[in-house]
Amino acid sequence: MRTLRNAVALLTIAATTAGAEEVKKSLLEPSYGLMVWTLFIFAILVFILSKYAFGPITAAVEAREKALEDAIESARRDREEAAKLLAEHRAALDASRGEAQKLIADARVAAERVAAEMIEKAHADQAQQLVRARQEIETEKAKAISELRREAVDLAIAGAGKVIEKNLDQAGNRQLVESFLASVTANAVATSR
Amino acid sequence: MKTSSLLKSAALVLALFGASARAAAQEPVRAEPSANVAAEHASPCEEYAPDDIVSPHITDSHCLELPSFPRFWVPHEVPLPRWEPIVVGGISFDMSPTRHVVMLLLASTLVCLTLILAARSHRRHTSMIGRPKGFSNGIEAMVLYIRQEVALPNLGHHGEGYVPFILTLFWFILFANLLGLIPYGSTATGNIAVTGTLAIITFFMVEIAGIRANGIGYLNTIFYWNKELPVGVREFMFLLMTPVEIIGKFSKPFALAIRLFANMTAGHIVVLGMISLIFAFKNIWIVPAPLLMATAIMVLELFVSFLQAFIFALLASVFIGTIRAHH
């Protein structure tokens, strides 16, 4: 309670002293001189600062922003170009790879064809040679037969000559044997065929 | 017991805002230099009650406080020149430079130095390595933030012409705020004349922006004439809404001025109140607590300095944008 009374008393003192002060010097009473000073100082400050400080700073910042935007733009362009180039290269690579595959396949097909042809040709040659050999054999055989026949005829004639020499004339007998041998040969050839 | 002592200290703080005689009767035990100097040594230029430690810190003065050595807690007071007031149209303009004028000049010089040097090194770095670095990069970040995130979205289309004004508002108020936080400094933005002038400049910028954007349609921002309403209602609404529109035009800059002024002044009063607790308790062991609280408030003040500069710039761009988009 005493504290409260003290407080009230102090507040009263404060109020009275504050009131007394106000008469002498008011905080809310503007000095016109200072107002004019403030106006001048502020006006000059606006002029100087906008010309020598804010102007250059803003200009520099805008220049930098523009440079940055340009750099970003050119980087974007470069990246797009690089992507395009990459795609092109990839396509070219794919194309050449396909071409190589095709070449290999073609070569394989060609090689197979060549091999097949060679085998076929070998087969054909072989068959041809076989036929030729067979023909030669036939010819030789025929030649041998006719040779043999002539030998046989000679031998027979010689033999018969020796036999008939004694009793028969050469010519009449020879004709007889010839005709006989002819019939024999014809028969032999017919049976062998 | 605990609650009653708390109540007592709260009452004491309130009392000290008016600077009670009880507080100043005691020699300060230990306090920040900017807090005790005025109480000990009333300025020869400005007459304050010997117990008034708050007013010298939040009001303007015709004296400049400079550091003195070795007794740095007693500032060297330099009287500024006094000129004859110029009377124009019955109003007397006392153009003598005051402490706040010096602070404004200092703030604008520092802003110019900071921003122009930053712009130069910005350009140098940009031409050398294609981007700014270090301090100029930080300045660029703040300038760009205000420009891209605060000014341009609120100003609307083709609002680039108003961006330097918004940026200047922000930087000027920020530096003036911060100058009030350093020793021997003074908060020019805690002066209603300064914030009022800035608000009046903003008011004219808003109206000029409205005229430029809407042409003759600017009159619609003053006179409420809605053609979609039926004839009788239209006149009634005209009479009702026109004063509201006009009051709205003036209340916005008024709020701007009061907001900045009050925020800047209040923080300093709270810090001084904290320091005054030491004298009120008359006890050396209490010293760490008010000092800690005052330090915390100073950190808050640092934040508020940025915040209020930001809010002033933001609201100025919102007002300009609103009137430009008015149909």
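A helix, as the word is used here, is a DSSP run of H or I that spans at least four residues, and helices are numbered from the N terminus. In this predicted model, helix α2 of chain A covers residues 32-164, and both A:K66 and A:D70 lie within that helix, four residues apart, or about one turn. The two side chains form a salt bridge, in which the closest N and O atoms are 3.3 Å apart. With regard to solvent, A:K66 counts as exposed because its relative accessibility of 52% lies over the 50% cut-off, whereas A:D70, with a relative accessible area of 42%, is partly exposed.

Further along helix α2 of chain A, A:K143 and A:E140 are three residues apart and therefore separated by about one helical turn. These residues are likewise joined by a salt bridge, for which the closest N and O atoms are 3.6 Å apart. Both partners are partly exposed: A:K143 has a relative accessibility of 48%, and A:E140 has a relative accessible area of 47%.

A:R150 and A:E147, also in helix α2 of chain A, are three residues apart, which again corresponds to about one turn of the helix. Their salt bridge brings the closest N and O atoms to 3.5 Å from each other, and A:E147 is partly exposed, with a relative accessible area of 42%.

Beyond these pairs, A:E73, A:R76 and A:E80 are linked in a network of salt bridges. Taken over all chains, the structure holds eight salt bridges, among them the one between A:K66 and A:D70, the one between A:K143 and A:E140, and the one between A:R150 and A:E147.

In chain B, attention turns to a polar residue, B:N177, which is found in helix α7, a segment made up of residues 163-179. Is B:N177 buried or exposed? The residue is buried, because its relative accessible area is 0%, a value under the 20% cut-off.

Methods. Residues are numbered from 1 along each chain as its sequence is written. Chains are lettered from A and ligands numbered from 1 in the order in which they are written. This is a predicted model: local features need pLDDT of at least 70, side-chain atom pairs count only at pLDDT 80 or more; totals for chains, interfaces and linings use all residues. Side-chain values use heavy atoms; hydrogens and water are left out. Helices (H or I, at least four residues) and strands (E, at least two) are DSSP runs, numbered from the N terminus. Buried means under 20% relative accessible area, exposed over 50%, partly exposed in between (1.4 Å probe, protein chains only). A salt bridge is a side-chain nitrogen of Lys or Arg within 4 Å of a carboxyl oxygen of Asp or Glu.
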